[in-house]
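Student: Could you walk me through this structure? I'd like the overall fold and then a couple of residues.

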Amino acid sequence: MADMASAKAGTNCEHLKQLIREVPDFPKEGILFYDITTLLKDKLGFATLIDALSEHYVGRNVDLVLGMEARGFIFGPAVAYRLNAGFVPVRKPGKLPAATQKYDYSLEYGTNTLEIHKDAIQKGQRVIIVDDLLATGGTAEATARLAESLGAEIAGLGFVVELDFLKPRTKLKGYDIFSLLHYDK
């Protein structure tokens, strides 16, 4: 196990992969699912992850951390706390109680929608977007576009896991992307 001092910017977090369970054929046959719940329950692993993810953004004057439903809600508030920033949830339609701004986006087989409170971001605020997984980049791109529609300046997109073989960065050109762990298959 790594000690807390190892969680510095640029630190290799590859040892955290040992805490991620690989589940074959989930959610459908032929898919290898990287289950982070086993990492979350490891107190030192979780602390190391939050420290390393947060450290990347220290000194970048982040005002808000946005987290997408649902696993972004796990990492976003913890990172926001470490950066002395606010947290803003980005949700599926119909889940937020006040006036919302929405963004519709395309998926491989259909469409999806994300919503944010219209008053969640003030023009010019610097935000980072945090989630557990960067796969195709569609949800991250939609969240960035939604935040920009409210006047946000995107200071970065941070992820626990990135599936490099899906080439998600092609959809996110122009954004600063940081992922702790990379998988090539």
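**Overall fold**

Tutor: The protein chain has 4 helices and 9 strands, where helices (H or I, at least four residues) and strands (E, at least two) are DSSP runs numbered from the N terminus. This is a predicted model, in which local features need pLDDT of at least 70 and side-chain atom pairs count only at pLDDT 80 or more, while totals for chains, interfaces and linings use all residues. Residues are numbered from 1 along each chain as its sequence is written, and side-chain values use heavy atoms, with hydrogens and water left out.

Student: In what pattern do they follow along the sequence?

Tutor: Reading along the sequence, the pattern is β-β-α-α-β-α-β-β-β-β-α-β-β.

Student: What radius of gyration does the chain have, against that of a compact globule?

Tutor: The protein chain has 16 Å, which agrees with the value near 16 Å for a compact globule of 185 residues; the radius is taken over C-alpha atoms, and the globule rule is 2.2 Å times the number of residues to the power 0.38. Along the principal axes, the C-alpha atoms fill a box of roughly 45 × 40 × 30 Å.

Student: And how much of the chain is buried?

Tutor: Buried residues make up 44% of the 185 residues, where buried means under 20% relative accessible area, exposed over 50% and partly exposed in between (1.4 Å probe, protein chains only).

Student: Switching to Thr-143, where is its place?

Tutor: Thr-143 lies in helix α4, residues 138–149, and is buried because its relative accessible area is 0%. Its side chain reaches the backbone oxygen of Thr-139 at 2.9 Å.

Student: Which residues is Thr-143 in contact with, leaving aside neighbours within four places in sequence?

Tutor: Those are Leu-66, Met-68, Val-90, Leu-114 and Ile-129, with contact meaning heavy atoms within 4.5 Å.

Student: What about Glu-69, where is that one?

Tutor: Glu-69 sits in the loop between β3 (64–68) and α3 (72–83), and it counts as partly exposed because its relative accessibility is 23%. Glu-69 touches Val-90, Arg-91, Lys-92 and Lys-95, not counting residues up to four places away in sequence.

Student: Which side chain does the Glu-69 side chain make a polar contact with?

Tutor: That of Arg-91, at 3.0 Å; a polar contact is a pair of N or O atoms within 3.5 Å, where within protein one must be able to donate a hydrogen and the other to accept it, and residues adjacent in sequence count only if both atoms are side-chain atoms.
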